[in-house]
Amino acid sequence: MQGAAHDSPAGPYGVERSPGGVESGQRLKKQRGVISALGAIVIRTRLGIDSHIIGGLAPTLMFAASALGQLALGALPSRRLAATGAVVFPLGLGLVALSLYFPTLPLFLVAVSVAGAGAGLLFKSGIGWAGALAVPASRAGVLAVFFTIAYLGMGLPAILLSVIIRHTSVEATMTRFAVALSAGAVAAVRVAMRLTEQRLGSACQG
């Protein structure tokens, strides 16, 4: 396996042209940033709740669901983790968008929890893939890039969301974000799976 890794064409950070793993982490952080920015807006303007405790409940549940999802299913192979996340994550985002058109607190909290669980699975599988596809000597650097890009993805979409909703409705904005993030997550998983299959094929041939 190591020999195959060294023989594979690697990018500038020692990773074999593998945007899939990094992209999965970036999608998770984007979703967390969007939900963190959106939670207070929905709870205050759509539900009429001014409590700061309730306002912080949405991102809290999202992070908790993300952690619990990883703990519950973390023993699964990266491929199965990613496949599960690629289903649960878009489902959660769809529920978040739906909760803006039919605003109730339970629906919104369930929606962000489902989205958080799916994103957590994508994040964990992304870490596994990023490490597996990296040249062994550069694995630490690859993971550092993974987390750097992921955390950038957490802040920038929240800023973008706050700008866009000045010109269009929250419902339309979140629907577009949900479609874009879901499509990107599914695409990233497919790319990572294909690269993993290519790596295994090269290792068997070697």
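Mentor: S99 touches T104, L107 and F108, leaving aside residues up to four places away in sequence; contact means heavy atoms within 4.5 Å. This is a predicted model, in which local features need pLDDT of at least 70, side-chain atom pairs count only at pLDDT 80 or more, and totals for chains, interfaces and linings use all residues. Residues are numbered from 1 along each chain as its sequence is written, and side-chain values use heavy atoms, with hydrogens and water left out.

Trainee: Is S99 buried or exposed?

Mentor: Buried means under 20% relative accessible area, exposed over 50%, and partly exposed in between (1.4 Å probe, protein chains only). S99 counts as buried because its relative accessibility is 1%.

Trainee: Which element holds S99?

Mentor: Helices (H or I, at least four residues) and strands (E, at least two) are DSSP runs, numbered from the N terminus. S99 lies in helix α5. Helix α5 covers residues 78–101 and reaches 35 Å from its first C-alpha to its last, close to the 34 Å expected; the expected span is 1.5 Å times one less than the number of residues.

Trainee: Which residues of α5 are buried?

Mentor: An α-helix has 3.6 residues a turn, so residues three or four places apart point the same way. In α5 the buried residues include L81, G85, F89, G92, V96 and S99.

Trainee: How many helices and strands does the protein chain have?

Mentor: The protein chain has eight helices and zero strands. Of its 206 residues, 43% count as buried.

Trainee: What does I127 touch?

Mentor: I127, in helix α6 (residues 105–133), touches L143, F146 and F147, not counting residues up to four places away in sequence. I127 counts as partly exposed because its relative accessibility is 28%. I127 and S78 are 49 residues apart in sequence and 8.8 Å apart in space, C-alpha to C-alpha.

Trainee: Which residues form a nonpolar patch on the surface?

Mentor: Like charges are joined within 9 Å, and nonpolar side chains (Val, Leu, Ile, Met, Phe, Trp, Tyr) within 5 Å. Here L152, L156, I159 and V163 form such a patch, with about 390 Å² of accessible area together, by the Shrake-Rupley method with a 1.4 Å probe, only the protein chains shown counting as cover for residues. V163 is placed in helix α7 (residues 139–164).

Trainee: Where does pLDDT stay under 50?

Mentor: pLDDT is the predictor's confidence in each residue, from 0 to 100. Residues 1–22 stay under 50, while the protein chain averages 76.

Terms used
Patches are made of residues with over 30% relative accessible area and no salt bridge: like charges are joined within 9 Å, nonpolar side chains (Val, Leu, Ile, Met, Phe, Trp, Tyr) within 5 Å. A salt bridge is a side-chain nitrogen of Lys or Arg within 4 Å of a carboxyl oxygen of Asp or Glu.
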